[in-house]
Amino acid sequence: MSLASVGMIDLCCRLGETPGQTLAQAQELGYDVLTLPPYETPPEDSPVRLAKLGPITQELDGEHLAEMARYQAGGVVGVTQGHAPWKNTRVQLNALRYARGQNLPVHALPLDSELGRGVAHDGEIAQRLGLETQPSAAETIALARDLQLIAETGVTAHIGRISCAESVRLIRRAKAEGLPITCDVAVTHLLWNEAKIEGYDYRYRLQPVLRSEADQMALIEGLAEGVIDAVCSDHTPHPVADKRLPFAQAAPGAETLHLLRSGLTALVDQGRLTEQRAISAVLDAPAKILKL
Amino acid sequence: MPSTAQLQLTDKGRLRHFLTTEGLPKDLMIEIMDRAATFLGDTPRDLKKRPLLKGRSVVNLFFENSTRTRTTFEIAAKGLSADVVSLDISTSATAKGESLLDTLKNLEAMGADLFVVRHNQSGAPHFIAQHCTPELAIVNAGDGLHAHPTQAMLDMFTIRQHKGDIANLKVAIIGDIRHSRVVRSQVHALHGLGCQDIRLIGPGTLLPRQGLAGSLHDDLREGIQDADVVICLRLQKERMASALLPSEAEFHRNYGMTLERLGWAAPNAIVMHPGPINRGVEIDSELADSDHSVILNQVTNGIAVRMAILSMVMGVEERL
């Protein structure tokens, strides 16, 4: 099997305002499975197989547990809080414990809600452009807490969309200590770094933010050595009116379905990644994570 | 995408817009200051009016309130005989539905030649310059935390007026460096004019981590030692609410400028402030009203510098 022909399994794709179009594009680009975050409403007759995540709290309010058993009966492959904030750590602990009881995997997207409010990496470029910054600690503080709670509850957990070198280090250490977690990165963060936002380029306003070149390199290395198991598209379509705005006002996220295969191919061509590892990142690893 | 520094220049290196002092060529900065000098009279009342923009229309587009800056732009534009309209467009009104681009297209249709833009979002004037018709010039009157380039140029002008060549000076800036668009523009301008010794002074929560030329100091005395120019910044009350400072009083104890503390700086040092002053917070009345203070000169110079900039972005090439 080659990277050029593999049917890809995406761990995160949003359908946007025209779900039918997104699904048709996914089919054309060779996706076999798309994982949808909570509250996406796909058409009945999707040309691509869909795996759905349910909310872990009601309306992702971070405060009241969602009816996870009902969602499970409805076929969700896991539950998540997305990037929405938790009301407090006790709710989070209870939610993970409840999910464990239901045998539901949790997909955690670590981001501290206060530090995470910044719109660009806390580096030289954002400081110069006068943008509110988001330090890497916005992710690593939440990740460290998530890892502690995963260990405490024994829930099956997947960590999604890490963006910095320190997160790679934390995951590596947790895995070495035997914590049964998996992890993914968005293809955008393997291909780009904070340099892209020069000129207030709103197309590169993402969440998590694009970080330094050193972070980008650490993510690629983390993927190559298997600390990071999978790569997803994190496809996030927005109407142009929500995107074409002064940088901080632009909705975060970009249309990236077309980047997953081409981006990994480029990394393989550059010798940063074996083809086998790239295939695993969009096939075996996500299949295992989603228990397909 | 082009950087802001690239976007503001024409192919021939002239000013197409005026968005930032970052990367602004030294000869253009000197030209702005030389041109501004020709508008100054002997007293503030004798500003020399010249009809360089007769028949042109200037729209002051203020998405964020600022009576002072808007007024100086109005006086500057009128001093050049331009037709001037000022619009206060609160950000809440645009948030209600009309996007910035829609607002812009509407105003363009009214046939303006130049927009003076103030906005609370960093990069908004850059965004407007990218999306407006090519005939329209944009002057940045302050955007978010990013830049306030006309303020910086009037400060450079004032420093040159009192202290001569900026390259040989030690310049200290005190206060909320991290959240100040004025400082960013001042530092880029100072750097571009060859200043080798820029000190940025404030408590750790108000200092930038990286990205600005200049040395960082959390000790006032060390920072202003032998400085020729001391610039105080206005302390915003919001800084206390967001847990960046305990109180105005503590800020004043550690970083407030007084006549006595000015003794640590070079003899004949000048004191500047972009205004409006919080007396007794960043600067004492005794110092603000002393001979060392050039704060009121800054206001008058602000009009002359803005006249220079408006005429240059409108392509008035006449050597004055």
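This is a predicted model: local features need pLDDT of at least 70, side-chain atom pairs count only at pLDDT 80 or more; totals for chains, interfaces and linings use all residues.
A polar contact is a pair of N or O atoms within 3.5 Å; within protein, one of them must be able to donate a hydrogen and the other to accept it.

**Where the chains meet**

How many residue pairs are in polar contact across the interface of chain B and chain A? The rule finds six, with both residues at pLDDT 80 or more. Chain B's side of the meeting place draws on helices, and H5, H6 and H8 of chain B each supply at least two residues. H6(B) gives the largest share, four residues. Sorted by class, the side of chain B that touches chain A has eight nonpolar, twelve polar and five charged residues.

| Helix of chain B | Residue range |
|---|---|
| H5 | 100-108 |
| H6 | 124-131 |
| H8 | 181-192 |

There are also two salt bridges across the interface. In a salt bridge, Asp122(A) and Arg178(B) meet through their side chains, at 3.8 Å from N to O.

In total, 25 residues of chain B touch 20 residues of chain A. The two chains bury about 1,900 Å² between them, with 54% of it on carbon and sulfur atoms. Met1(B), Gln121(B) and Gln210(B) supply 27% of the area that chain B buries against chain A, more than any other three residues.

**A pocket to look at**

Now for the second largest pocket, which has a volume of about 320 Å³. Its lining is made up of 16 residues, and Arg14(A), Thr236(A), His238(A), Pro252(A) and Gly253(A) lie nearest its centre. By class, the lining of this pocket has four nonpolar, eight polar and four charged residues.

Methods: Residues are numbered from 1 along each chain as its sequence is written. Chains are lettered from A and ligands numbered from 1 in the order in which they are written. Side-chain values use heavy atoms; hydrogens and water are left out. On a 1 Å grid over the protein atoms alone, a cavity is a set of points where a 1.4 Å probe fits but cannot get out, and a pocket is an open set with protein on both sides within 12 Å along at least five of seven lines; lining residues have an atom within 4 Å of a point. Grid points are joined across faces, edges and corners, and a volume is the space filled by probe spheres set on the points. Ala, Val, Leu, Ile, Met, Phe, Trp, Tyr, Cys and Pro count as nonpolar, Asp, Glu, Lys and Arg as charged, and the others, Gly among them, as polar. Contact means heavy atoms within 4.5 Å. Buried area is the accessible area (1.4 Å probe) that two parts lose on being put together, summed over both. A salt bridge is a side-chain nitrogen of Lys or Arg within 4 Å of a carboxyl oxygen of Asp or Glu. A polar contact is a pair of N or O atoms within 3.5 Å; within protein, one must be able to donate a hydrogen and the other to accept it, and residues adjacent in sequence count only if both atoms are side-chain atoms.
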